[in-house]
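Please have the sequence and the structure open as you read.

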Amino acid sequence: MPLLEGKKALIFGVANHRSIAWAIAQALAREGAQLVLTYQERMEKYVRDLAAKIPGTELIPCDVQNDADLDAAFAKAGELLDGRLDILVHCVAFAPASELENPFIQTTREGFHTALDISAYSLVALAKRAEPLMKEHGGSVLALTYMASERVMPKYNVMAVAKAALECSVRYLAYEMGEHNIRVNAISAGPLNTLAARGVSGLSGFREQVAHAAPLRRNIEQSEVGDTALFLSSDLSRGITGEIMFVDAGYNIMGA
């Protein structure tokens, strides 16, 4: 029997075929999960084209900064999934380009607010709305983070602060939602050539550094993050919650 036979998943953050969220969607679908993908209006065409590759996948528009949108999205997801949600995937992050190019000390109040709202608070907002659909039977909430939350990565700037807030949110949500057998974890992925990553200058050089220094002597692929998400979404990880799991070819253990 497929690992996720009969499971229902709601995924936020698919933008195009390079998205980590898309790799996760493919991995979950491969093991039998029924999918609902959300999309931003400007990404609709790309997401629709991808969704068509997985029969039965439903789509819902949603802006995570808009509470009315979030309420409507979860109400619609509840209808499409017969009132049950087993897996929630949060792959949402954004900071204005200027906040990543300028020195961190020049971070603006507006840029700080935007980055924290979209990249960190949105997880709390999604979890709040997912809980009623999960609490009867338990479930898995999964987010994406990055090791810049713990170590200085030049040009990651305010996004690093947002990821630190996201990771702290994972732990608090894991504690509070655990009574309903809802697990909350995050994957800290190595550098990948995604739409979001392209907003950080020096990506190519850093990927070369990782491939040289990581214990596995290579960079990771999107599919490896997808497979880890599959594990964390399945009953195989039923005893794991509040964790940050690194998928970076071991780079995080190195001193330099």
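In this predicted model, strand 2 and strand 3 (residues 58–61) run parallel to each other and are joined over four bridges. Across this pairing, L37 stands opposite L59 in strand 3.

**Strand 2 and its partners**

- Strand 2, helix 2 (residues 44–51) and strand 3 together form a β-α-β unit that is right-handed.
- Strand 1 and strand 2 also pair in the parallel sense, over four bridges, and here I11 stands opposite L37 in strand 2.
- On the way from strand 1 to strand 2 the chain passes through helix 1 (residues 20–30), and this β-α-β crossover is right-handed.
- Because five of the six residues of strand 2 (residues 34–39) are buried, strand 2 is largely enclosed by the rest of the structure.

**Aromatic pairs**

- The count of aromatic pairs comes to two.
- The pair of F12 and F74 is stacked, because the ring centres are 5.9 Å apart and the planes meet at 20°, where stacked requires planes under 30 degrees apart.
- F12 belongs to strand 1 (residues 8–12) and F74 to helix 3 (residues 67–80), so that this pair links parts of the chain 62 residues apart, and both F12 and F74 are buried.
- The rings of Y146 and Y156 have their centres 5.0 Å apart and their planes at 50°, so this pair counts as tilted.
- Y146 and Y156 both lie in the loop between strand 5 (139–145) and helix 6 (157–177), so the pair ties together parts that are ten residues apart in sequence.
- Y146 counts as buried at 10% relative accessibility, and Y156 is buried with a relative accessible area of 14%.

Note on methods: Residues are numbered from 1 along each chain as its sequence is written. This is a predicted model: local features need pLDDT of at least 70, side-chain atom pairs count only at pLDDT 80 or more; totals for chains, interfaces and linings use all residues. Side-chain values use heavy atoms; hydrogens and water are left out. Rings of Phe, Tyr and Trp (its six-membered ring) pair if their centres lie within 6.5 Å; planes under 30 degrees apart count as stacked, over 60 as edge-to-face and the rest as tilted. Helices (H or I, at least four residues) and strands (E, at least two) are DSSP runs, numbered from the N terminus. Buried means under 20% relative accessible area, exposed over 50%, partly exposed in between (1.4 Å probe, protein chains only). Two strands pair if DSSP finds at least two bridges between them. A crossover is right-handed if, with the strands pointing away from the viewer, the path from the first strand over the helix to the second runs clockwise.
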